[in-house]
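Colleague: I've just opened this one. Please walk me through it.

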Amino acid sequence: LAVVQVALEGKISRKAVEAQLARGQRSAGDLIPWTISQQFGDSNFAQLSGARVVRVAVHPSVQGMGYGSRAVEQLYRFYNGDMVSLSGGVDDESDEEEQPNDETSSSDEEEAMGDSGSKKGIRGEKLNPRKELPPLLLPLTEVKAPRLDWLGTSFGLTNELHRFWRRTGMRMLYLRQTKNDLTGEHSSIMIRALPKRTGFGDAWLPAFAVDSQRRIIALLAGPFMDMSV
């Protein structure tokens, strides 16, 4: 019913960030780390790793029913290490049962070998139905989550989108002063810390949020005068 596209960003060396910022340049990719580091002049933020939500797609028949918010919340719990598997010791038994299948797979590889003992490549491969194929989708409880420090997103600011991302617990850290030429909206960045997984603590987020709020209020009589949000 809902699909979330994510891009992993960050883990940029401090020297690379300082060198790029000193020249007024930024490398392609890593949208949030480069933007926040440039906005606050803090090269330490780029060293953190995070996941940027690129888009959230929900089936048209169930839009507006909370599935998108629920999907983002599940994604946050996954990256924050809150997903709990209820299978218990079942995994150990399944691993033991799968051991004989490894022998069958090795025998299949031997059949694909030529008489000379060397593989013939694609032309020599025997196209037989495979008994066990890896699943296309897995429960999040069976997937190892990467160690991240934040979950964020970047979008053109509107009332509807701001309310949506605000409900997911994210806080605004950046709002572009000039409007986008294509959408006519101010680009914004909102972030939520992952306190259980990060090794740096989450004290940086409130400090950045307060500073960002102060800057936005100071610009309400200027670039943000016509903004309806």
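Modeller: D211 forms a salt bridge with R215, and the closest N and O atoms are 3.4 Å apart. Salt bridge here means a side-chain nitrogen of Lys or Arg within 4 Å of a carboxyl oxygen of Asp or Glu. This is a predicted model, where local features need pLDDT of at least 70 and side-chain atom pairs 80 or more, while totals for chains, interfaces and linings use all residues. Residues are numbered from 1 along each chain as its sequence is written, and side-chain values use heavy atoms, leaving out hydrogens and water.

Colleague: Where do D211 and R215 lie?

Modeller: Both are in helix α6. They are four residues apart, about one turn of the helix. Helices (H or I, at least four residues) and strands (E, at least two) are DSSP runs, numbered from the N terminus.

Colleague: Is R215 buried, partly exposed or exposed?

Modeller: R215 has a relative accessible area of 27%, so it counts as partly exposed. The cut-offs: buried is under 20% relative accessible area, exposed is over 50%, and partly exposed is in between (1.4 Å probe, protein chains only).

Colleague: And D211, buried or exposed?

Modeller: Buried, because its relative accessibility is 19%.

Colleague: What does R214 do?

Modeller: The side chain of R214 meets that of D211 in a salt bridge, at 2.4 Å from N to O. D211 and R214 sit about one helical turn apart, because they are three residues apart in α6, which covers residues 204-218. R214 is exposed, with a relative accessible area of 52%.

Colleague: So what does the whole group look like? Start from D211 and R215 again.

Modeller: D211 bridges to R215 at 3.4 Å. Salt bridges that share partners join D211, R214 and R215 into one network.

Colleague: How many salt bridges are there in the whole structure?

Modeller: Five, from a search of the whole structure. One of them joins the side chains of R52 and E9, at 2.6 Å from N to O. That pair links distant parts of the chain. R52 is in strand β2 (residues 49-58), E9 is in strand β1, and they are 43 residues apart.

Colleague: R52 and E9, buried or exposed?

Modeller: Both are buried.

Colleague: New topic. How many helices and strands are there?

Modeller: The protein chain has six helices and five strands. From the N terminus, the order is β-α-α-β-α-α-β-α-β-β-α.

Colleague: What share of the chain is buried?

Modeller: Buried residues make up 31% of the 229 residues.

Colleague: Now helices. At what angle do α1 and α2 pack?

Modeller: About 60°, with their axes 11 Å apart. Helix α1 covers residues 14-22, and α2 covers residues 31-40. On the α1 side, A16, V17, Q20 and L21 make the contact. On the α2 side, W34, S37 and Q38 do.

Colleague: Why quote both an angle and a distance?

Modeller: Because two packed helices are described by the angle between their axes and the distance between the axes. The axes are lines fitted to C-alpha atoms, for helices over the stretch in contact, and angles run from 0 to 180 degrees between N-to-C directions.

Colleague: On to loops. Where does A46 lie?

Modeller: In the loop between α2 and β2. A46 is buried, because its relative accessible area is 0%.

Colleague: Which residues does A46 touch, leaving aside neighbours within four places in sequence?

Modeller: A46 is in contact with G10, K11, I12, V17, P33 and S37. The C-alpha atoms of A46 and I32 are separated by 8.5 Å, and these two are 14 residues apart along the chain.

Colleague: What is the phi of K11?

Modeller: It is near 60°, a positive value in a residue other than glycine. K11 lies in the loop between β1 and α1. At 61% relative accessibility, K11 counts as exposed.

Colleague: Last one. Where is P146 found?

Modeller: P146 is in the loop between α4 (90-111) and β3 (150-156). Its relative accessibility is 31%, so P146 counts as partly exposed.

Conventions:
Contact means heavy atoms within 4.5 Å.
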